[in-house]
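Please look over the sequence and the structure shown here. The paragraphs after them lead through the structure step by step.

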Amino acid sequence: MAATREPRDAAQKARLDTNLSSAFDRTLRDHLHFAPDSGHISLYGQRMLLFHAAAFTDLRRELIERLGLPQAREIMTRLGYQQGFDDGVRIREDNGQRRVEEQLAMGPRLREIEGFVRNHPVDAMVCDGERGAFWGDYYWSASFEAQAHLDHSGLSGEPACWMMVGYANGYCTAVTGMPILWRELECVAMGHSRCRVVGRALTDWRDLDEEDAGLLQAPFETTPRGSAAPGEGFDNFVGSSAGFKAAADMVRRVARADATVLFLGESGVGKERFARALHAMSRRADKPFVAVNCAAIPHELVESELFGVERGAYTGADKERPGRFERADGGVLFLDEIASLPHSAHGKLLRALQEREIERVGDTRVRKIDVRIVAAANQDLRQEVAEGRFRADLFYRLNVYPISIPALRNRRDDIPLLVSFFVQRFASKYEKKVAGFTRRAYRALWDYDWPGNVRELENIIERAVILTDDGEAVDLRHLFTGGEQVRPAGFDPGDNGAPINEEQDARTPIAEAILDDFQSFEALERDVLKAALKQAKDNVSAAARLLKMRRGQFEYRLKKHLSAPPDP
């Protein structure tokens, strides 16, 4: 743990804590807005609700009674994790000028304002970015969750502050950029006088088990009971972001059906892995899974590869050979990069999908097949149809159940979890001990746009593990050594926490043009925000980057203008 300067006496420490708390209160108060006439409460641009504690207590009790304690704990922990991560991202974006310890300290104060618990630091949170280390030790009093558990269930044999522990994991992971795991060691619900929690970097815990990993990763049940054997389905999938969970939930819902599925997403997002998970959870799990990369097959061989070939069908065909459809009979045929399939093969593929029968090249016999089709595309197939490169009837036949897999830059919440997963895998593979990541390394991973998505992240982490010495923390110099286009502004913060911009251009002609048709600063700001959002194709994070703003700042200003009446 990093060394810290202790105040000379308890009174001085109390004064410092009071001053910090007052400063945090002012900052948080500036971002808390009540607008009863529009029915909104917002905090850091997020809509908030004042919710009756008694009703929430009843909901918690009903979850335990209906689902059982393990599943109820999982749901409440996941809910807390998502709340904490969202708060942490906004605190980090809007308080970049503060030290990381100050940003971390705002989380407990925020939770106190929200009415969940009272925090008493034993050891306030410390983050050593150079070693990738973290430490925190807190007592909790007035815990809403612990009291709710006592009221409805009596004394418990295990800690009950599930949502608060999830919140702490999510918040600290978002602020520090590295996976942080908190454990509740004492709990009022267990008969202790107060609750106590200890937090460390994930890599610093030596006795991790599956339940601990669940507390950090906020998992969700993706496989219906009895539908897949242990080790199948979504095992080894990592993600807690809304986009990832939505895609996984859609896979779970269609797995037991026999419908055609079309995965959509950029290269590297994991479409084939999702397809394999779908197969593992399906009724055909014990049958073949045959994958075909349509882009890798020469155009003149596509038909023979897919549908097979009879002996003597063409020069060199000295024996019959079954195609991929026949080899996948009874199971799943995965057609990757379907947009690359030559137009000449579209008709025969369409017939195979419609009639469930094929003909080998050079044969007149029709063969019945029982195959579930799962396809994937990294291009906009509707656009391909509009431009005449893809048959419309084939598209509609494939587009029965489309599932969009989000790009990594649109699910940045998952980066710390993925990094931790890949580090453990490659540290074990190369027999190395990796002492975490430095803070600037995590910030670089967070700021990078990831054009190659999860596949690129996996390769970069493998490279970093190879380059680090045994026992060393991964730093910036170990990561982007393969010619990646990294935005330097993400690594060179100025004194006020904002990225340094070397292009100091006054742009006087633009200013003069604005003044020629000037209405008000509010109208100007609104027009600029909307123009940035339009240019970024409604991607809020990208629009914020265009304006050199943090996402939270952009959202706050945008919502302010959307709720205001139009200029007369």
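Does Arg 111 count as buried or exposed? At 2% relative accessibility, Arg 111 counts as buried, where buried means under 20% relative accessible area, exposed over 50%, and partly exposed in between (1.4 Å probe, protein chains only). Arg 111 forms a salt bridge with Glu 114, and the closest N and O atoms of the pair are 2.8 Å apart. A salt bridge is here a side-chain nitrogen of Lys or Arg within 4 Å of a carboxyl oxygen of Asp or Glu. Glu 114 counts as partly exposed, at 24% relative accessibility.

The model is predicted: local features need pLDDT of at least 70, side-chain atom pairs count only at pLDDT 80 or more, and totals for chains, interfaces and linings use all residues. Residues are numbered from 1 along each chain as its sequence is written, and side-chain values use heavy atoms, with hydrogens and water left out.

The protein has 568 residues, and buried residues make up 48% of them. It contains 21 helices and 14 strands; these are DSSP runs numbered from the N terminus, helices being H or I with at least four residues and strands E with at least two. The protein exposes about 28,700 Å², of which carbon and sulfur atoms supply 50%; accessible areas come from the Shrake-Rupley method with a 1.4 Å probe, and for residues only the protein chains shown count as cover. Among contacts with a separation of 6 or more, 69% join residues 24 or more positions apart, a contact meaning heavy atoms within 4.5 Å.

Three strands form an open sheet in the order β1-β2-β3, with antiparallel pairing; two strands pair if DSSP finds at least two bridges between them. Its edge strands, β1 (32–35) and β3 (46–48), each pair on one side only. On average, neighbouring strands of this sheet are turned by 30° against each other, direction ignored. Strand β1 pairs with β2 (residues 40–43) over four bridges, in the antiparallel sense, and Ala 35 has His 40 in β2 as its bridge partner.

Another open sheet has four strands in the order β4-β5-β7-β6, again with antiparallel pairing. Here the edge strands are β4 (118–128) and β6 (180–186), each of which pairs on one side only. From one strand to the next, the twist averages 15°. Six bridges join β6 and β7 in the antiparallel sense, and Ile 180 stands opposite Ala 201 in β7. Helix α6 lies across β4, β5, β6 and β7, running at about 150° to β6; axes are lines fitted to C-alpha atoms, for helices over the stretch in contact, and angles run from 0 to 180 degrees between N-to-C directions.

Because Arg 196 lies in strand β7 (residues 195–201) and Asp 137 in strand β5 (residues 133–141), the pair ties together parts that are 59 residues apart in sequence. Asp 137 is buried, with a relative accessible area of 5%.

In general, nonpolar side chains tend to be buried together in soluble globular proteins. A nonpolar core is defined as a set of buried Ala, Val, Leu, Ile, Met, Phe, Trp, Tyr and Cys residues joined through side-chain atoms within 4.5 Å. The largest such core has 74 residues, of which Phe 134, Trp 182, Phe 437, Leu 445 and Ile 461 touch the most other members. Helix α6 (residues 162–176) gives the most to this core, with 10 residues. Beyond its neighbours within four places in sequence, Ile 461 is in contact with Val 419, Phe 422, Val 423, Phe 426, Phe 437 and Leu 445. A second, separate core of 31 residues includes Phe 307, Phe 325, Val 371 and Ala 377.

Further salt bridges complete the picture. Their count comes to 33. In one of them, the side chains of Glu 303 and Lys 348 meet at 3.5 Å, N to O. Since Glu 303 belongs to helix α10 (residues 302–307) and Lys 348 to helix α12 (residues 346–355), this pair ties together parts that are 45 residues apart in sequence. Glu 303 is partly exposed, with a relative accessible area of 30%, and Lys 348 counts as partly exposed at 25%.
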